[in-house]
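Hello,

Please take over the structure below. My notes on what was found follow it.

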Amino acid sequence: NSTNCPLDTLAQTDTLLEKFREEVFEGLHSKPKRLPSKYFYDKAGDKLFQQIMACPEYYLTDCELEIFQSKAAELAQTITSVNGDFDLIELGAGDATKSQYLLRYLSDQKVDFSYMPIDISGNILSVLEKRLKAEIKGLDITCLEGEYFDRLGIAARLSPRRKVVMLLGANIGNMEPREAAVFCKKLRTHLKTGDLVLIGFDLKKHPQVIWDAYNDRAGITSRFNLNLLQRINRELNGDFDLDQFVHYQSYDPLTGACRSYLVSKTDQEVLVAGQPIDFRQDEIISMEISQKYDPEEITSMAKQAGFMPIGYFTDSRNWFLDTIWQC
Ligand code: AVI
């Protein structure tokens with residue numbers, strides 16, 4: 001656990017900051033300009049995302065919560081249908097809003113497992129660890145701060161037990177479909193025969209429902225996007241004027257791509273770490289994709305990556321799908 005060693009933590013913070021700087025410059029020098037949405041989640045971004053999840057329009061969390069609350073026993077049954085103790089690894093665990101129901105169920109059933117949440121936000125992991133330890137007596141938990149595959153390698157070295165890897169919250173939707181396919185193949189190479197993955201996908205549905213979820217009336221999604229400019233100001237010595245950019249969201253029901261942009265209101269020059277970046281009026285920065293899928297597309301992605309789907313769990317409206325794949 002990297003939070004135990006101050007020197008390691010400092011070195012890691014330096015590397016993460018350097019990577020952030022590189023990726024921001026790469027994105028702002030691209031045509032069209034883009035910024036990686038994985039950097040939305042600093043302390044302020046974590047808070048804004050919590051607020052998004054509580055928005056009436058943002059159905060995703062409620063749907064997946066319903067699946068975990070009402071189908072914990074079925075999920076657990078599928079997971080334990082493969083023999084042996086296991087490590088339950090959660091990629092991008094956040095505050096474990098959904099997975100906690102599965103953790104509680106498995107603990108109540110006296111199933112032997114350890115929980116290993118992986119998240120890029122050390123801040124959210126320390127909150128999570130404290131809360132889960134208090135709420136689920138005897139839970140064996142090891143927090144791993146950093147990028148998914150780095151930490152997955154560490155998890156494999158920490159214990160020889162079989163792995164059950166969860167990627168919930170439609171996090172896979174924040175990758176371009178091509179990248180998601182590559183990600184699944186890479187995930188497969190980190191796992192052994194018999195290991196499982198449990199992945200949450202947001203499904204295609206009425207376009208208006210999707211569009212509304214990313215255009216909440218309270219404007220929190222807009223602030224969530226703008227917060228990345230604020231983060232660049234703070235961490236990379238930038239001078240973005242947040243009032244000079246506006247959030248714009250699109251959803252294409254043909255492809256399932258739901259995309260967010262920031263649009264420059266004027267011609268302007270912004271300084272980032274001393275370097276000038278020019279914006280024309282109405283020029284966009286592409287911020288995030290939240291891809292929506294058909295169940296058929298999901299099954300084909302699983303098979304192409306070398307997984308066999310062994311369970312499909314949906315909410316009562318069929319808006320969200322958690323699926324379990326076996327290696
Ligand atoms: C974390 N992720 C799955 C969210 C989503 O729905 O794409 C992030 C988000 N962006 C805007 N609202 C929520």
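Lys205 is buried, at 13% relative accessible area. Buried means under 20%, exposed means over 50%, and partly exposed lies in between (1.4 Å probe, protein chains only). The model is predicted, so local features need pLDDT of at least 70 and side-chain atom pairs count only at pLDDT 80 or more, while totals for chains, interfaces and linings use all residues. Residues are numbered from 1 along each chain as its sequence is written, and side-chain values use heavy atoms, with hydrogens and water left out.

Which residue does Lys205 pair with in a salt bridge? The partner is Asp202, and the closest N and O atoms are 2.8 Å apart. A salt bridge here is a side-chain nitrogen of Lys or Arg within 4 Å of a carboxyl oxygen of Asp or Glu. Asp202 is buried too, with a relative accessible area of 1%.

Asp202 also forms a salt bridge with Lys292. There the closest N and O atoms are 2.9 Å apart. This pair links distant parts of the chain, 90 residues apart. Lys292 sits in the loop between strand E11 (284-289) and helix H11 (295-304), and Asp202 in strand E6 (residues 196-202). Helices (H or I, at least four residues) and strands (E, at least two) are DSSP runs, numbered from the N terminus. Lys292 counts as buried, at 1% relative accessibility.

**Other salt bridges**

Lys204 and Glu297 form a further salt bridge, with N and O 3.4 Å apart. Lys204 lies in the loop between E6 and helix H9 (207-213) and Glu297 lies in helix H11, so this pair ties together parts that are 93 residues apart in sequence. Lys204 is partly exposed, with a relative accessible area of 22%. Glu297 is partly exposed as well, at 32%.

There is also a network. Salt bridges link Asp85, Asp87, Asp112, Arg161 and Lys163. How many salt bridges does the rule give? The count comes to 21.

**A negative surface patch**

Asp239, Asp241, Asp243, Asp267, Glu269 and Asp278 form a negative surface patch. Patch residues have over 30% relative accessible area and no salt bridge; like charges are joined within 9 Å, and nonpolar side chains (Val, Leu, Ile, Met, Phe, Trp, Tyr) within 5 Å. Areas come from the Shrake-Rupley method with a 1.4 Å probe. Asp and Glu count as negative, Lys and Arg as positive; His and chain ends are not counted. Each charge is placed at NZ of Lys, CZ of Arg, CG of Asp or CD of Glu.

Glu269 is found in strand E9 (residues 268-272).

Asp267 is in the loop between strand E8 (257-264) and E9. Asp267 counts as exposed, at 59% relative accessibility. Asp267 touches Phe279, Arg280 and Gln281, leaving out residues up to four places away in sequence. Contact means heavy atoms within 4.5 Å. Gln281 is 14 residues from Asp267 along the chain, and their C-alpha atoms are separated by 4.5 Å.

Asp278 lies in strand E10. Its relative accessible area is 52%, so Asp278 is exposed. Neighbours within four places in sequence aside, Asp278 is in contact with Lys33, Gln268, Glu269 and Glu283. Asp278 and Ser37 are 241 residues apart in sequence, and their C-alpha atoms are 21 Å apart in space.

**Glu176**

Where is Glu176 found? Glu176 is in the loop between strand E5 (162-167) and helix H8 (177-189). Not counting residues up to four places away in sequence, Glu176 touches Arg259 and Ile289. Glu176 and Ser290 are 114 residues apart in sequence; C-alpha to C-alpha, they are 8.4 Å apart.

**Backbone points to check**

Lys31 and Pro32 are joined by a cis peptide bond, with omega about -5°. Pro32 lies in the loop between helix H1 (6-28) and strand E1 (33-34).

Asn237 is not a glycine, yet its phi is positive, near 55°. The loop between helix H10 (220-235) and strand E7 (245-252) holds Asn237. Asn237 counts as exposed, at 61% relative accessibility.

Ala273, not a glycine either, has a positive phi of about 45°. Ala273 is in the loop between E9 and strand E10 (275-279). Ala273 is partly exposed, with a relative accessible area of 36%.

Best regards
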